[in-house]
Amino acid sequence: MSGKMCSSSNSIIQAQKLVDQLQIEAAMERFKISLTAADLVQYCQEHRRSDPLLTGISASSNPFKDKKTCVLL
Amino acid sequence: MGEMEQLRKEAESLKDQITAARKAVQDSTLQEAAAGITVVGRIQMKTRKTLRGHLAKIYAMHWSTDSKLCVSASQDGKLIVWDSVTTNKVNAIPLKSSWVMTCAYAPSGNLVACGGLDNMCSIYNLKGKDGNVKVMRELAAHTGYLSCCRFISDTEIITSSGDCTCILWDIETGTQKTVFAGHQGDCMSLAVAPDFKFFISGACDFTAKLWDIREGTCRQTFGGHESDVNAIGFFPNGNAVITGSDDATCKLFDLRADQELITYQDSSIMCGVTSLAPSMSGRLLLAGYDDFNVNIWDMLKAERVGKYMWKLYIPLENGRKVDPAEDSEGSSRVAVGTEH
């Protein structure tokens, strides 16, 4: 009997926690996608030049490319 | 009306509220915002280095902030710190438990961490006085496997676990500072925001959650995936989250609009995503899949612009370099590639 009561009060505690959490999430201020998506696009464009996968790296500044000439260490 | 029934109705009402609030800001799409941009050209990647030394499957790797050193964890029971430029092993650390599933490099470069089926996160000091690398702390409290760990600093680390929680630890005292509970399934991975104020977690409840590190609360929950979320990362400016799932897709979630912007999928891709990393500008998404491929996506146009084939489990970190891992009988290799 007490086991059953414990589990039902546990369920109520869980259900209350869920409601509390949903209240936090519901209350957030949301921004329009037209604004936020434009920001993402702008970020990509602004940082294009520092993205080696897009613009490449010259062989001399690529630490992973094996150098063809002798290098004094 | 019983209390349970009342709470259930309240929860449903709040969920409807959230759905409506998300719809209210849907005045555009990412496709529209990127309409004036052309898809990036085909990305070719070349293997530049192969790091040989592990004797069994490599489960994880993580780059140091200097982008030269990295640490890898293998089920051969070793943590290896590599100089990726020279391919030399800087440290080879024997582990107490060989069932390792994750590893991390501290931003300072002073510490590395790992953990797995031992349910613990072990911290190693690379810069000890006598030059020997020793266990500094063993963080034990999780009741499930350690799936991921990431340092905030030399004194704090966040872990995610198969026990459905994430924990923020004080490394010096070895104690839990905050437990982040809320996921209804194993937590599979986590990523820390560029400003170190938030972190995100992906779990087997098919959702991703954004957590406030100091407040200890979950701020946002992102659904939409149809299976476990295995991999997760931040867009470089910290305003969006990328997830990879067993449902064979990756998704981009906007934090400020609180919703999914786009899905990266292709009918020819039918296997789960195991790891991902955005490139430095955020324009490209490198994602590793169960079929041993790395697909490169144009994040703004949601088109596949490259493919890199490798052999087995592929851990990815840091968009600048791609690190696939290979396991074959008797030897394991981790390869580093850049595009030229």
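**The interface of chains A and B, and two sites within chain B**

Across the interface of chain B and chain A, 11 residue pairs are found in polar contact, both residues being at pLDDT 80 or more; a polar contact is a pair of N or O atoms within 3.5 Å, where within protein one must be able to donate a hydrogen and the other to accept it, and residues adjacent in sequence count only if both atoms are side-chain atoms. The model is a predicted one, in which local features need pLDDT of at least 70 and side-chain atom pairs count only at pLDDT 80 or more, while totals for chains, interfaces and linings use all residues. Residues are numbered from 1 along each chain as its sequence is written, chains are lettered from A and ligands numbered from 1 in the order in which they are written, and side-chain values use heavy atoms, with hydrogens and water left out.

The same interface holds 2 salt bridges, each defined as a side-chain nitrogen of Lys or Arg within 4 Å of a carboxyl oxygen of Asp or Glu. A salt bridge links Arg30(A) with Asp258(B), with 2.9 Å between the closest N and O atoms. In total, 61 residues of chain B are in contact with 42 residues of chain A, contact meaning heavy atoms within 4.5 Å. About 4500 Å² is buried between the two chains, and carbon and sulfur atoms give 68% of this area; buried area is the accessible area (1.4 Å probe) that two parts lose on being put together, summed over both.

Next comes a strand pair in chain B. E18(B) runs antiparallel to strand E19 (residues 240–245) of chain B, joined by 5 bridges, and two strands pair if DSSP finds at least two bridges between them. Gly244(B) in E19(B) is the bridge partner of Ala231(B). The two strands form a hairpin with 5 residues between them, and Gly238(B) in the turn has a positive phi of about 80°.

Finally, Ser72(B) lies in strand E3 (residues 69–74) of chain B and counts as buried because its relative accessibility is 1%. Its side chain makes polar contacts with the side chains of His54(B) at 2.6 Å and Trp82(B) at 2.8 Å.

Terms used: Helices (H or I, at least four residues) and strands (E, at least two) are DSSP runs, numbered from the N terminus. Buried means under 20% relative accessible area, exposed over 50%, partly exposed in between (1.4 Å probe, protein chains only).
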